[in-house]
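Have a look at the chain first, then work through the notes below.

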Amino acid sequence: MAEAVGSSSSVAPVDPMRRIVYVVSQELVKISSLLPSNKKRSILVHSLINSLGLLNPKFSEKKRVQVVTPRKATYKDLAVYHTRDYLEAVLNPKNGSLSDKFKGLSVDAVEIDREFGLEDDCPIFPGLSEYIQLVGGATLTAVAAIQQNLASVAICWDGGRHHARKDQAAGFCYVADCILAILALKKAMISVDPVPLMAKTLSSDEDGIQAATQKRKPRIMYLDLDLHFSDAVSEAFYAPRSTSAPQILTLSIHHTSPGFYPSSSRSSLPPYDSPSSSTIFDPLTLSIPLLLGASAKTYHWVFTNVVERIRSIFDPDYVIVQSGVDALAGDPCGTFNWCLDREVEGSMGWCVERIVREWRGKKVLLGGGGYNSPNAARAWAYLTSITLDNPLDLETSIPDHNGFPLYEPSFTLDVPAGNMTDHNSDEYLSTIETCYENVYIALRERLDV
Ligand SMILES: [Zn+2]
């Protein structure tokens, strides 16, 4: 059963640290399944997760799952980042009449489409308006769940649209839900744990706790595991000359090369040669580009040597993980060779398990790219089971359900690595290491502001 965030529940109270919120509704699945780049993927993902029993409160003894119905994002919610003109173009059914655009298309309508990126890989599709409101709302529902202390981790596999800009659709993304999530988390102050006070200064214990409780702005780390660079998110928060208190750090691990989407000057290694370098640089907007064939071995090196070091310096209160699965072997992108098995160091399962189990702070897990839909379903089902602290065996047979035939030939949960050569040599990794030694210095300096 689904319930709204903030509604009263008949379920016995559960420690929020032992609760996981999973955002889904039939309406969300139906509308997400219309996304032209990932048709029917959403229905496959949630059907597999359901058929494996992951949403049954009894699935895990250690963590309790609470299924929450997403709310629709309002115009005001979306306008926190998107421009009025863009929202008018994508939300107003009368504007250029979305349905008319499928029939005839006036020159004006085509111009409007082009201006807002609504062409090529981001065509207007029936239901676009509802899609934007529901996917934006689903991610904001996940954010609200952890802000309201309902859970330690909130999952929204239909979110993670990291290429959408404030005034443009791009790269299969129409709503900038990752950015909206960061902005929502940034807004509310958080309580700092009460500091025990000396009894002699207090009239009572209760007064003591009140007197010691402090509020401060939270720190948010956005980690993007998608094969593609998180251009829109990284650029939204890029502020090399900012002197305000640092609240947001974005870190994207991805492939980049000439002609590979998206083209962005910020997708390469930080342009930072030495601590005294005069290059304009923001140590809160970070990239780790990897070469073709990146495998678990490379991810293990990157994760333990760079990602976790950044995390420990920045020490976020919230972590948003864009968990696009197009870096996994078997994706039609055919660029990386990442695998799923948590028992393989550096695999996607291993990395996500480290984040949800060992990293301080609350987390929001979002989806993203992934163009082999059965593999996306496998991956997000497996990551859900890891988050619930009851990891499924990857040899688990796919249960008999509507999507079953699509899981041939293995009919199991695993997404194993393929035969691709990993071009990330020791020499290349040491280039990353050298660059990041300087980044750590710059980041520490920035955090001291
Ligand atoms: Zn991608």
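In the protein chain, 78% of the contacts with a separation of 6 or more are between residues 24 or more positions apart; a contact here means that two C-beta atoms, placed from the backbone, lie within 7 Å. Heads-up: this is a predicted model, where local features need pLDDT of at least 70, side-chain atom pairs count only at pLDDT 80 or more, and totals for chains, interfaces and linings use all residues. Residue numbers start from 1 along each chain as its sequence is written.

**Overall make-up**
- The protein chain has 14 helices and 10 strands, taken as DSSP runs numbered from the N terminus (H or I with at least four residues for helices, E with at least two for strands).

- Eight strands make an open sheet with parallel pairing, in the order β2-β1-β3-β10-β9-β6-β7-β8; a pair needs at least two DSSP bridges between the strands.
- At the edges sit β2 (64-68) and β8 (285-290), each pairing on one side only.
- From one strand to the next, the twist averages 15°, with axes being lines fitted to C-alpha atoms (for helices over the stretch in contact) and angles running from 0 to 180 degrees between N-to-C directions.
- Strands β3 (residues 153-156) and β10 (residues 362-366) run parallel and are joined by four bridges; V153 has K363 as its bridge partner in β10.
- Packed on the sheet is helix α7 (residues 128-147), which touches β1 (19-23), β2, β3, β9 (318-322) and β10, and its direction makes about 175° with that of β3.

**Helices α2 and α13**
- Helix α2 (residues 41-51) packs against helix α13 (residues 373-387) at about 40°, with the axes 8 Å apart.
- That makes α2 and α13 oblique to each other, the label left over once under 35 degrees is roughly parallel, over 145 roughly antiparallel and 65 to 115 roughly perpendicular.
- On the α2 side, R41, L44, V45, L48 and I49 meet S373, P374, A376, A377, W380, A381 and T384 of α13.

**S32 up close**
- S32 lies in helix α1 (residues 26-32).
- S32 counts as buried because it has 26 C-beta neighbours inside 10 Å.
- Beyond its neighbours within four places in sequence, S32 is in contact with S42, V135 and D158.
- S32 and E130 are 98 residues apart in sequence, yet 9.4 Å apart in space, C-alpha to C-alpha.

Note on methods
A residue is buried if 20 or more other C-beta atoms lie within 10 Å of its own, exposed if 12 or fewer, and partly exposed in between; C-beta atoms are placed from the backbone.
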